[in-house]
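Here is a short report on one chain. Look over the sequence and the model before reading on.

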Amino acid sequence: MKVEEPDRFAQVLAVVRAEEPRPPVWDRQVRAAGYAREQSRARRRLAELYPVRYSELLAAELAKFGLAPVPPRGLQPCGTTAAYIRHRKRGEQPCPMCRQAWRDYCRQPHTRAYQTARRHALAEMPHAFPDRFAELLAEQVAARGVEALTGGARARAMAGARATARLLLSRERPRDFKRLYAQAYPAALARAQETEQNASTGAGAARSAT
Ligand SMILES: [Zn+2]
């Protein structure tokens with residue numbers, strides 16, 4: 001879509017760019033990743049704006065490989081994780097069916113392992129880069145006015161500052177973050193699978209006892 005509609009593409013790209021606020025920290029890798037994401041989002045947007053032309057181009061590409069055009073994939077219905085994410089993106093309260101689908105998804109061992117490993121990697125980043133973390137934390141503390149707060153409000157603001165500083169650090173150093181994540185994942189998955197197994201045998205035992 002990009003080549004055929006250069007002006008329109010530039011317009012759409014500008015819109016996509018304006019919609020997405022830039023993260024406060026931009027190293028070269030993060031910027032390149034963000035730029036690639038903007039481009040592909042703009043191409044998809046253009047395809048949505050010109051569905052007929054897009055389907056023609058797609059059919060022509062598929063024909064090169066002797067393939068028939070595929071029917072357009074509709075929006076996933078409620079009761080799927082895709083629909084849950086759609087609700088959230090639109091700022092809606094997800095419906096009960098979607099909430100249930102999301103709960104089921106979150107309960108799966110690989111999802112829990114992902115969350116555990118991600119938490120673990122985020123917690124490790126400050127230890128791996130203590131000086132940079134201290135800088136980022138100081139920025140967050142200043143931005144949130146933590147010093148002026150007292151009691152519970154101060155504790156909450158401090159926790160928020162730490163969480164954001166860890167996140168920014170992980171974005172600055174995506175490769176290190178990925179490495180720490182990859183290290184933590186296998187053990188997290190094994191634990192999650194074990195918990196799942198115990199839960200299902202436990203439930204089975206409870207069922208057979210009644
Ligand atoms: Zn729904």
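Where does histidine 110 lie? Histidine 110 is found in helix α6.

## Model and confidence

This is a predicted model; local features need pLDDT of at least 70, side-chain atom pairs count only at pLDDT 80 or more, and totals for chains, interfaces and linings use all residues. Residues are numbered from 1 along each chain as its sequence is written.

The chain has a mean pLDDT of 85. Here pLDDT is the predictor's confidence in each residue, from 0 to 100. A value of 70 or more is reached by 86% of the residues. Among the elements, helix α7 (residues 130-144) has the highest mean pLDDT, 96. Helix α2 (residues 28-49) has the lowest, 79.

## Overall make-up

The chain holds 9 helices and 0 strands. Helices (H or I, at least four residues) and strands (E, at least two) are DSSP runs, numbered from the N terminus. From that end, the order reads α-α-α-α-α-α-α-α-α.

Of the 210 residues, 12% count as buried. Buried means that 20 or more other C-beta atoms lie within 10 Å of the residue's own; exposed means 12 or fewer, and partly exposed is in between, with C-beta atoms placed from the backbone. Two residues are in contact if their C-beta atoms, placed from the backbone, lie within 7 Å. Among contacts between residues at least 6 apart in sequence, 60% join residues at least 24 apart.

Two packed helices are described by the angle between their axes and the distance between the axes. Axes are lines fitted to C-alpha atoms, for helices over the stretch in contact, and angles run from 0 to 180 degrees between N-to-C directions.

The axes of α7 and helix α8 (residues 151-172) come within 8 Å and cross at roughly 135 degrees. The pair is therefore oblique. Angles under 35 degrees count as roughly parallel, over 145 as roughly antiparallel, 65 to 115 as roughly perpendicular and the rest as oblique. The crossing of α7 and α8 is right-handed. A crossing is right-handed if the near helix is turned clockwise from the far one by less than a right angle, and left-handed if anticlockwise.

On the α7 side, the contact includes Phe133, Leu136, Leu137 and Val141. On the α8 side, the contact includes Ala157, Ala161, Leu168 and Leu169. By class, the contact of α7 with α8 has 9 nonpolar, 3 polar and 3 charged residues. Ala, Val, Leu, Ile, Met, Phe, Trp, Tyr, Cys and Pro count as nonpolar, Asp, Glu, Lys and Arg as charged, and the others, Gly among them, as polar.

## The loop between α7 and α8

Valine 146 sits in this loop. Valine 146 is partly exposed, because 18 other C-beta atoms lie within 10 Å. Leaving aside residues up to four places away in sequence, valine 146 touches Val141, Arg154, Ala157, Met158 and Ala161. Arginine 156 is 10 residues from valine 146 along the chain, and their C-alpha atoms are separated by 9.2 Å.

## Helix α6 and its partners

Helix α6 (residues 109-128) also meets α8. Their axes come within 9 Å and cross at roughly 80 degrees. The two are therefore roughly perpendicular. Leu122, Met125 and Pro126 of α6 meet Arg166, Leu167, Leu169 and Ser170 of α8. This contact divides into 5 nonpolar, 1 polar and 1 charged.

Histidine 110, in α6, counts as partly exposed because it has 13 C-beta neighbours inside 10 Å. Histidine 110 and alanine 188 are 78 residues apart in sequence, yet 8.7 Å apart in space, C-alpha to C-alpha.

## Helix α4 against α5

Helix α4 (residues 81-89) packs on helix α5 (residues 96-107) at about 115 degrees, with the axes 8 Å apart. Their crossing is left-handed. Thr81, Ala83, Tyr84 and His87 of α4 meet Cys98, Ala101, Trp102 and Tyr105 of α5. The contact has 6 nonpolar, 2 polar and no charged residues.
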